[in-house]
Amino acid sequence: MKVHLKNGRLVDPASGKDETLDFLIVDGRFEKIGHSVPSDSSAQMVELKNKIVVPGFIDMHVHLREPGFEHKETIESGCASAARGGFTAVCCMPNTNPCIDDESVVRYIHEKAKSVCKGIVDVYPIAAATKGREGKELSPMAELAHAGAVGFTDDGAPISSPEVMRRALEYSSMYGLVVIQHAEESSMTHGGCMNEGFISTRLGLPGIPHVAEELMIARDIILLRYVPNARYHVAHISTHGSLDHIRRAKAERLNVTCEVTPHHFTLTDDAVAGFDTNTKMNPPLRTKEDVLALKEGLKDGSIDAIVTDHAPHTIDEKEVEYTEAPFGIVGLETAVGLAITELVEQGYLSLYQLVERFSTAPRRICSLPPIRIEEGEPANLTFIDPLTEWTVNTQSFKSKSKNSPFNGRKLKGKSIGIFNNGQMLLSQKFE
Amino acid sequence: MALKSRHLLGLDGVSGEDIQLILDTAVSFKEVLERPIKKVPPLQGKTIVNLFFESSTRTRISFELAERRLSADVVNFAASGSSVSKGETLKDTARNIEAMKIDMVVIRHASAGAPHFLSKVVASNVINAGDGAHEHPTQALLDMYTLREKHKTLEGLRVCIVGDILHSRVARSNIFGLKTMGAQVSVCGPATMIPREISRLGVPVYHRLEDVIPKVDALNVLRIQLERQEKGLFPSLREYHRYFGVTKERVDRADRPITILHPGPINRDVEISADLADGEHSVILQQVTNGVAIRMAVLYLLGSSN
């Protein structure tokens, strides 16, 4: 299969390139990259004038729900959603049933992923840090790493015990893999379903105080100082206080990284006022002050990665009382648009930085090889139209679930296609 | 005259004109309640369901009386615990009941926002009879009615709400309603039971009754629930009574009589002393009477707006 990408603007932080180029891809590898590559009649021609070509995006925080919760999402529908959203890779979280605490589950996910969507989306499982995600005994980290897990987390729940966290950091450090913390001091959050503050006071909803997140991060940083060769990553940070702790730890040169979701840098807890359960997520939407701090954190690099925390739930599961609704929203198909609208358009991120947050940094955190856009290398690309204006319509999502608070929102910029593992997917309109 | 909304979900955002209209309408219904024959026909042929997902005696009876006195047909549905634990969702329950051709739904639910959710999935008028710690608008309206009856106006009236503000829907609805009507509202309670940033609602916070009693015309005393002790929010009922109990001795130190309200049911000699609850400045039983009139007014205004 030959593909000729014409006039695409390559934005590649790895090589420092930002220029308009042609790309000839043969059997999934770059045959020729340059200005005015001669056309080859056997190649599929794709005109990318005014479009951007970037190293393939990865979402390192996705709940694919399979095995166990296939009514919400499957590996196939989740990968289709990722591909549509512009991601050539996802890391899937271990809160499945059975959870990813055994190498057989890692292998199952790998094999399933290769057989769906023509394998265009790479799926990298993140395994449980503890058996059954119960926070008591370490999972078989060596076996899991050997089977292909790219990190460890009990996401959905914190690793609460400081002793267990210490041992998880120590044990994972032998394999150079990251421990990802869902930072929440659970004794302070029980029953909570939104940010604790003025809005929760007005709505009478049980609150989740921002300090519950910050306490856990502060504790973990103290542990990391004690186990400095470990690698620690904070999932979905949501408060300016969390960012302060991470900034200080980074200044100390500790091995700490963190991520933020588009909903946390876009929405505030004001959105909860109508009791729409698509505004219920954990961590909860915070305040304007937090949103501004998170954007600044992305700008100055304190926040390494943008992730979606894609958390599919069915309509029936979400159409219940606010306190009864499950946490989480889907995000794969709105992430790039929200990031361009809220960050690039508002001057917080350059396109280089956008690529770093969506590709370079998360791949590094997950110990994945960097993507090289060079002749002879496999092509792993995301195509972006940074100018197109569109309206989110959840009914058109490839994801099985439609639980998004962004339905009807106008966005600027979106992914129009991806290329990976010798496969190309272009959005219908673009084709 | 009609209300601006088809539903009464809360008092947050309800205009002063609408509150005034409800209070004024209740005056004529209170007069009805004094008659030998206490029934009037405005809701004849209307069917109202009282959906109580949380146990309640007085609010349910008060609504039911109000409904019957307006000649509505009344169905009661009581389910304890959450709808989820019963296996049927709130949406299904409501839609099933509505399929039986209901005109209005009165809902009491342990979850904040349940009436708002309901108002989106059913076509009936929805009246909030208490949702979690969020709102209890008819309680606040009857409190305001009672205060207005006693003090002639709410404008400038100084009211302190005492007790567990954090978990109180009565407190929230009173704050929203009274502030809209120009009253000066404050709260007093243990720091553990004052919700975060409540002062942004324009409500000063006190932790000592001695500090606030000299500055108020009325105290609205909330019921203290023992289960809050188990959650570590206060150490003991004894200590609560000693420091936050509204007693005759404390109130008598003020240089003027202070009107005492309580949404009931009262824990005698816990949050309020028995002599004060039964005393000459207590309006606790008037609140109960006025509750029926207020609910008649709300039902009438919403039911005749269709």
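**Figure 1. Burial and overall dimensions of chain A in the predicted model.** In chain A, 58% of the 431 residues are buried, and this value, like every other in these legends, belongs to a model that is predicted. The secondary structure of chain A consists of twelve helices together with 19 strands. When the C-alpha trace of chain A is laid along its principal axes, the trace spans about 65 × 45 × 40 Å. A compact globule of 431 residues would have a radius of gyration near 22 Å, and because chain A has 21 Å, the chain agrees with that expectation. Among the contacts in chain A with a separation of 6 or more, 76% are between residues 24 or more positions apart.

**Figure 2. The two domains of chain A and the contact between them.** Chain A is divided into domain 1, which takes in residues 2-53, 376-391 and 410-426, and domain 2, which takes in residues 56-365. The C-alpha centres of domain 1 and domain 2 of chain A are 29 Å apart. Where the domains touch, 19 residues come from domain 1 of chain A and 23 residues from domain 2 of chain A. On the domain 1 side, the elements that supply two or more residues are β17 (381-391), β18 (410-420) and β19 (423-426) of chain A, and of these β18(A) gives the most, with seven residues.

**Figure 3. A parallel sheet of three strands in chain A.** The strands of this open sheet follow the order β6-β7-β8 in chain A, and their pairing is parallel. Strands of a sheet pair through backbone hydrogen bonds, in either a parallel or an antiparallel manner. At the edges of the sheet stand β6 (57-62) and β8 (122-125) of chain A, and because each has a single partner strand, one side of each is left without a neighbour in the sheet. From one strand to the next, the twist averages 20 degrees.

**Figure 4. The pairing of β6 with β7 in chain A, and the helix that lies across the sheet.** Strand β6(A) runs parallel to strand β7 (residues 87-92) of chain A, and four bridges join the two. Within this view, Ile58(A) can be found opposite Ala89(A), a residue of β7(A). Helix α1 (residues 75-85) of chain A lies across β6, β7 and β8 of chain A, and the helix runs at about 135 degrees to β7(A).

**Figure 5. The place where chain A touches chain B.** Here 16 residues of chain A are in contact with 24 residues of chain B. On the side belonging to chain A, the largest share comes from helix α5 (residues 198-203) of chain A, which contributes four residues. The residues on this side of chain A include six that are nonpolar, five that are polar and five that are charged.

**Figure 6. Chain B and its overall dimensions.** Chain B contains 13 helices and nine strands, and 48% of its 306 residues count as buried. Taken along the principal axes, the C-alpha atoms of chain B fill a box of roughly 55 × 45 × 35 Å. For 306 residues, a compact globule would have a radius of gyration near 19 Å, and because chain B has 19 Å, the chain agrees with this expectation. Of the contacts in chain B with a separation of 6 or more, 75% are between residues 24 or more positions apart.

Definitions and conventions:
Residues are numbered from 1 along each chain as its sequence is written. Chains are lettered from A and ligands numbered from 1 in the order in which they are written. This is a predicted model: local features need pLDDT of at least 70, side-chain atom pairs count only at pLDDT 80 or more; totals for chains, interfaces and linings use all residues. The radius of gyration is taken over C-alpha atoms; the globule rule is 2.2 Å times the number of residues to the power 0.38. A residue is buried if 20 or more other C-beta atoms lie within 10 Å of its own, exposed if 12 or fewer, and partly exposed in between; C-beta atoms are placed from the backbone. Two residues are in contact if their C-beta atoms, placed from the backbone, lie within 7 Å. Ala, Val, Leu, Ile, Met, Phe, Trp, Tyr, Cys and Pro count as nonpolar, Asp, Glu, Lys and Arg as charged, and the others, Gly among them, as polar. Domain bounds come from an automatic or database domain assignment. Two strands pair if DSSP finds at least two bridges between them. Axes are lines fitted to C-alpha atoms, for helices over the stretch in contact, and angles run from 0 to 180 degrees between N-to-C directions.
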